[in-house]
Amino acid sequence: MDKEIVGNVTMDEPPKYGLKFALNHEFPLKSKQLIIPRPKQIFEMMPLTTRYLKYYLARKMQKRKPIMDYIHMISAQRMYGCPIGGIGGGTIGRGFKGEFCRFQLYPGIYEYVTVPECQFIVNIRNAKRETIFQSVLSTYNKPKKVLQSWEWKINGSDCEYTALYPRAWTTYDLSKYGIKLVCRQISPVIPHNYKDSSLPCAVFVFSAQNVCNEQRDVSITFTWTEVLGEPKKKKATGKLDLERYSEENTCGVTLEQRIVDQPCTFTIAKNKQENETIHEGYCLWNSAKTSGYVWECLKKHGKLEPDPSQTPSPPKTDGKKESKEKTKKVYKNDSIGLSSVISLEPGGCGSTEFCLVWDMPVIKYKKDCKIHKRYYTKYFGSDGIAGASIAAYALRNYKNWEQQLAEWQEPILNNSNVPDWLKSALMNELYFVADGGTIWFDVPDEFPETDPRHEFGVFGYLEGHEYRMYNTYDVHFYASFALAQLWPNLQVVLQYMFRDSIAVETTKHRQSLYDGKSCKFKIKDSIPHDLGDPEGIPFTQINAYNIHDVSEWRDLNLKFILQVMRDHRLLRAYSAPFGDERCRSLAFIDDVRDGTEDDLYSRATGQADDADHSPPPRSPAAPPGPGEPAAPDRPAGVADILDLLYRSSEAVEEGGEALEPREAPAAVWDCRRYLADMYPACAALLRRVALWDEDGDGLIENGGFPDQTYDAWIMTGPSAYCGGLWVAALSVVQTMARLLGFEEDEREFSKLLEQARASYEKKLWNGSYYRFDTKPCNSEVVMADQLAGHWFLRASGWTDPIFPEANVKKALHTIYENNVLRFLNGRMGAVNGFVGGARGHIDTTAIQSEEVWTGVTYGLASLMIYEGMHEQAFVTAGGLQSTLVKMGLSFETPEALYENGNHRSIAYMRPLAIWAMYQAILTRPCPIVPITNGQALHPKENNL
């Protein structure tokens, strides 16, 4: 087969790595969302449940959805492949069997529907121009009441689906009819490319090969219909417009409708063949009345043609009698279709491309008078007629996108330190960045040029598809590794958004559902839990979460501080993966020298080596520790680094074909300005947290209610989780003060840090692990997440032993032996709480203590890698990932799993923490273990 190649990737064959299923695949493990509390838990939750039901009924009476619906929970559909669409413009789900499903077009609102009229159809004709095969390109069950004449004839066992987000491949073996067919799906979700990543579109490339000895014509037809009509109502038969546009040799059809009272225009486009016009290969049709014409037209002609019966009759002529022949009824069309034909000689191959665009440029929330413009309107306008322009741009640039994707993904996929299952999981978990109910608005007039939001807008993604709160911060703490590494300016934007909320204090009160007490929505010097509900006014009406008084949560302020320092480290080096040895480790990033701390260019080119430097200051980002490679004096592959960072010249595809010139990547936000802008907020937040040290020992205490991210699991007094975050944050702010020259602050926080470290070890270390808290009944509870503070220090480049190294290693081994291996033999990651001892068992104190949190497991595995426990890390995370795949939970990864296989809260933010594992691998690659035949062997992968 002639192969279309971009970079080193063969584009008409699926990649080696990725999620792979036959189109008739059945998942071996069952899973559903069914939470069955234990009797003791039910009794303790009764007051909360009563108040929740009152809140739920009040929301229903207001015709509003609760931010968390515990009455009508949604079980995983166990059917999804890669969703389509960029970041912040809405997404459309796709099932791995070929269907279009799970529409998220109005921000934050999901419609779990499969629309059978939205499909691809293949038609194969022989040398005599006779149709020998025609079928919908899906193995999803044929609908019973619509599209009666359409046929689903694809044999699932002859087809394979491969997902490696943001692309997917489906291979169809139609050799019986002389054809092999591949559909490649591409969404522009491209690290460090903010313009193209914001586009609401996807490209579908169909490659066909003739494997018989006579000519074949292969026709691909793309059909679309009005979607998301009002529930229990007929379609509104939205306005249809045919549009002929001349830019870049494309043609297409458009369908304009309204979604939640917002205008949205769908565009299907293709590249025009020579001498082809828009008047060929298209059809407007009515999904209920004329779908039969579509099917028969394809069978007869091999491509679509306008339906003559849908053309209105000419007006009556004066003086002539009316014909007695009954006038054929003309139906109002609600659907569109576009065909493209590939003619193949024996042994030949060819391809055709389609683009789908949904242009919904502005959003107006019901309670908000403001009009919000999506980020892509910065480049394509907000007048609602950009569909054709975006489609032409996508069809012209998709090969460039794929080259950029290859430059990003290949160093990861070819990195022998990364297990095969992790290569796939890293990419596919990124779906949530776009498909997390994400909003991204352009706001250049609202902020000065000294603020990143002036250039990069405001950004928000939901806690989960069912938990509708934007930028839930205690969860983003784990998920932030994906944004910080791949779209660092969006992480910076999010941090500035939260920084601006710190000084806010509201006068408005509400009732806390947990204890019924009245509390303010927000108090000063606190990080909010979230930035709002999609049914309210996001980014203005903050703290939509109403179960607890989150101003009393111990972890939120500390998590902001820790993220600032982690971000500072990554911003300092623009840590995109590069194709050279330097990217095997972050040691080069941490090799800070006076005058070049923030200038990758001077350090990469060696200019830093030519200068006379004084010794580097003592820093948490000191030289690498034992087992970590030393930073080279002058990195190899300098040309590659500079080429990727500063390229703006014309790219050339292998084989000599010129690609579209690409724009230079956006510069990351200046790390010095970032640290200086964030420090006052960090110092204020830390001093606010210090008020929770009630006994003056330097260590904060929890309040005896769920006052942290585990919002159904009570901590009392000093705790491993919050105490560890506190100690880590003290170390971070002390370092910030030193770097910025605030000597008095440095002395203040240094003294407090030493006191806190001593108290933490004295009160919580028991010789094997850090105690959950100081209550005697919890003395044997091993918490999987007890080292979260130390984890973030390691991710920020710390090598100083803020927590004793021996204690950290011992605690990790204790967690591994109990929470991982003694829980389902390591097949489901790390359970949150485990009661140790000879008769060890899951901690059943709370619902959340007996859950496995996917994101926490990935974070734990990341820390294990930092501490040199690579084998344990890959067993811990690999067992969980294998179980998720077997349950069919890909592209809707839940927050939690239970021992019985059930899950809670589908499609959740926290699993993005898997990207912390990749950062850890770069910092501390796997040690190579020699074997007798002289070859290298890496620690055992977990391919359960």
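I began with Ile 67, which is buried, its relative accessible area coming to 2%. I keep in mind throughout that I am reading a predicted model.

I then looked up where Ile 67 sits in the chain, and found it in the loop between α1 (39–61) and β4 (91–94).

Which residues does Ile 67 touch, once those up to four places away in sequence are set aside? I listed Tyr 55 and Arg 59, then Glu 466, Tyr 467, Arg 468 and Met 469, and finally Asp 533, Ala 544, Tyr 545 and Asn 546. For Asp 533 I also noted the separation, which is 466 residues in sequence but 6.9 Å in space, taken from C-alpha to C-alpha.

Of the contacts between residues at least 6 apart in sequence, 70% join residues at least 24 apart. The accessible surface comes to about 35,600 Å², and carbon and sulfur atoms account for 51% of that area.

My last entry concerns helix α5, residues 387–413, for which I compared the end-to-end span with that of a straight helix: 27 residues at 1.5 Å a residue would span 39 Å, whereas the end C-alpha atoms of α5 are only 34 Å apart. Where does α5 bend, and by how much? I found the bend at Asn 397, at about 55°. I also recorded that α5 is largely enclosed by the rest of the structure, because 24 of its 27 residues are buried.

Methods. Residues are numbered from 1 along each chain as its sequence is written. This is a predicted model: local features need pLDDT of at least 70, side-chain atom pairs count only at pLDDT 80 or more; totals for chains, interfaces and linings use all residues. Side-chain values use heavy atoms; hydrogens and water are left out. Helices (H or I, at least four residues) and strands (E, at least two) are DSSP runs, numbered from the N terminus. Buried means under 20% relative accessible area, exposed over 50%, partly exposed in between (1.4 Å probe, protein chains only). Contact means heavy atoms within 4.5 Å. Accessible areas come from the Shrake-Rupley method with a 1.4 Å probe; for residues, only the protein chains shown count as cover. The expected span of a helix is 1.5 Å times one less than its number of residues. The bend at a residue is the angle between axes fitted to the seven residues ending there and the seven starting there.
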